[in-house]
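Subject: Structure for your review

Dear colleague,

Please find below the structure that I am handing over to you. The notes that follow it set out what was found.

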Amino acid sequence: MLRSKADTLLLVLDFAGTYIFAIEGGMAAAHGHLDLFGAMVLAFVTALGGGIIRDLLIGAVPPNSIRNWRYGAIAFFGAATAFFFHSLVQEVPASLLTLLDAAGLSLFAVAGAEKALEYEIHPFIAILMGGVTGVGGGTIRDLLLAEVPTVLRADVYATAALAGAGIVILGLRLKLPRTPVTIAGGTVCFLLRMVSVWLHWSLPTVK
Amino acid sequence: MLRSKADTLLLVLDFAGTYIFAIEGGMAAAHGHLDLFGAMVLAFVTALGGGIIRDLLIGAVPPNSIRNWRYGAIAFFGAATAFFFHSLVQEVPASLLTLLDAAGLSLFAVAGAEKALEYEIHPFIAILMGGVTGVGGGTIRDLLLAEVPTVLRADVYATAALAGAGIVILGLRLKLPRTPVTIAGGTVCFLLRMVSVWLHWSLPTVK
Amino acid sequence: MLRSKADTLLLVLDFAGTYIFAIEGGMAAAHGHLDLFGAMVLAFVTALGGGIIRDLLIGAVPPNSIRNWRYGAIAFFGAATAFFFHSLVQEVPASLLTLLDAAGLSLFAVAGAEKALEYEIHPFIAILMGGVTGVGGGTIRDLLLAEVPTVLRADVYATAALAGAGIVILGLRLKLPRTPVTIAGGTVCFLLRMVSVWLHWSLPTVK
């Protein structure tokens, strides 16, 4: 009963994260002067691309978002939101968008690492799969816009995803209970991301 | 007997569509000043990339064009046509190329949607798979040329593929007979594409 | 016993090739002004991307480098080498780097073709899979840097991989013993690549 409530909450959070990422994809399409179809594609890949790559790599085929039509529908709903309420979405404060994006990233990273572990992937690779789930969609989006993926040179973004995924994998390997471990991993990812934005942290580059 | 004749016709059409798309890929390579190997790669991905992505996503592994060597051979034959008869191909009227391309698109979109349905993919996602089959190859081709895929901002192209796929899925769900449904879907895709070219239709963009 | 020694040698060679390719990926990241995470990603995809694409296409899922965490660890070790010893690596003579890269290419091409054949892929496609294994990683690396993959327009690189893979497939189809066939294929790829660099050979392009 409790388990079922937790599952429902997770699904709702997953849908919410998908919607946030889809809006970001749709906004990127609008900025790139793509048409409505382009917005749908960018929303779809931004929201679901990371999970699809993860599922292909861990052998969970067909991927979750191909199996369950609701994810695609939510992605297109996000595209429509970004496309038809473009000027409205642009008025959303950047700090709120960053916060929502960090929440989505945390969710995807943690859930992605847990799913990889369920498919008996080695813990080290499972952490990477958490990272892929979090940043894979944005990477494909940037590629489709013929840009170097921002995640490859921007500040602490993927690193936060990997840190959150790492905590989850560590906790589960230590047989700690799933729920607090999941929450701890997501919180670390979220806080690391937000603090790094506020303090303008970034990773070292070769001088 | 009749069934077998229809199957043979479908295979011949599939090979013809592959050849057309491969020539387009080879021509794009020539324009991008790639070498003969580049032409082979671009022909291969343009002609077969969409179907490969669809097959990976719906779990039809190895993909059809990896299972059946004839597709690859036809793609390379198309590359060679574009490469060695480059000036000849360039003299083909643009309107004829558009027509042949629209025919290939219709075929791929319809066949892709039907295959997804056979693999028990949800009808809504099956329509998307039809679109992916139609435009996926050209998208990878553009990415390899470091360009924003034209399908994301050009006129009514993917939309035509989705419309044709949608009609097929709708018809099959209504238990209408397969052959007329397939022909209807392909025809709608083809006409929508051709009319949109003639009338310079395009999808809305954010102003 | 002998077999086991040969297997160990192959694994060591495979790890060595992975390390070389990873360093190249990390160097590309440094030149592209990516951060440490970007270097890790580029090292990973350069070293392991070709094998991952091959495994997804032939149905060997999860791919080898997802199954075996050592490959990812070696890739990150290569990234760290390129990142932290950047100026040192840059002092390595270009001719030595070309030689090591050609050795890695030969190894990947030959091993990739053999694996495809083991998975009952048609010999013609198995040769292509050898080529994909050899050049796929560098192709993704270039895409992530928003550049047209050099392999599509540069000299005899993929062609050498295909030639080596072709000899292996031909030899195995003729039931010749595996070890000399593998060595012959790798040697042809290696020599063809090195000679083409020294003599500035390149494939024809459309004038």
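By what turn, and with what shift along the axis, can chain B be laid on chain A? The turn is 120° and the shift is 0.0 Å, and the RMSD of this superposition is 0.0 Å. Please bear in mind throughout that this is a predicted model.

**How the chains are arranged**

In general, a rotation about an axis and a shift along it relate two copies of a chain. Chain C can be laid on chain B by a turn of 120° and a shift of 0.0 Å along the axis, with an RMSD of 0.0 Å. These two copies are thus related as by a three-fold rotation axis. In chain C, the C-alpha nearest that axis belongs to C:Ala146, at 3.4 Å. For chain B, the residue that comes closest to the rotation axis is B:Ala146, whose C-alpha is 3.3 Å away.

The interfaces were also compared between copies. Only 11% of the interface residues of chain B are also interface residues in chain A, so these copies meet through different surfaces. The corresponding figure for chain C against chain B is also only 11%, and the copies therefore meet through different surfaces there as well.

**The fold of chain A**

Chain A contains nine helices and zero strands. Its radius of gyration is 16 Å, close to the 17 Å that the globule rule gives for 207 residues, so chain A is as compact as a globular protein of that length. Along the principal axes, the C-alpha atoms of chain A fill a box of roughly 50 × 45 × 30 Å. Of the 207 residues in chain A, 53% are buried. Among contacts in this chain between residues at least 6 apart in sequence, 74% join residues at least 24 apart.

**The nonpolar core**

The largest nonpolar core has 159 residues, and those with the most contacts inside it include C:Leu42 and C:Met129. Helix H2 of chain C, residues 36-58, gives the most to this core, with 13 residues. Leaving aside residues up to four places away in sequence, C:Leu42 touches A:Leu152 as well as several residues of chain C, among them C:Gly25, C:Leu34, C:Arg141 and C:Leu145.

B:Thr18 lies in helix H1 of chain B, which covers residues 2-31. Is B:Thr18 buried or exposed? Its relative accessible area is 1%, so B:Thr18 is buried. The side chain of B:Thr18 reaches the backbone oxygen of B:Asp14 at 2.8 Å. Not counting residues up to four places away in sequence, the residues that B:Thr18 touches include B:Leu48, B:Tyr71, B:Ile74 and B:Phe108.

C:Thr182 lies in helix H9 of chain C, residues 178-198. A polar contact of 2.5 Å joins its side chain to that of C:Glu114. With residues up to four places away in sequence set aside, C:Thr182 touches C:Val110, C:Glu114 and C:Val168.

**Cysteines**

How many disulfides does a search of the whole structure find over all chains? The search finds zero. A:Cys189 has a relative accessible area of 0% and is buried. C:Cys189, at 0% relative accessibility, counts as buried too.

Yours sincerely,

A colleague

How values were computed: Residues numbered from 1 in each chain as written. Chains lettered and ligands numbered in written order. Predicted model: local features only at pLDDT ≥ 70, side-chain atom pairs only at ≥ 80, totals over all residues. Heavy atoms only, no water. Least-squares fit on C-alpha atoms with pLDDT ≥ 70 in both. Contact = heavy atoms within 4.5 Å. Disulfide = S-S within 2.5 Å. Buried < 20%, exposed > 50% of the residue type's maximum accessible area, 1.4 Å probe, protein only. Helix = DSSP H or I, 4+ residues; strand = E, 2+ residues; numbered from the N terminus. Polar contact = N/O pair within 3.5 Å; in protein donor to acceptor, adjacent residues only side chain to side chain. Core = buried A, V, L, I, M, F, W, Y, C linked by side-chain atoms within 4.5 Å. Rg over C-alpha atoms; globule rule 2.2 N^0.38 Å.
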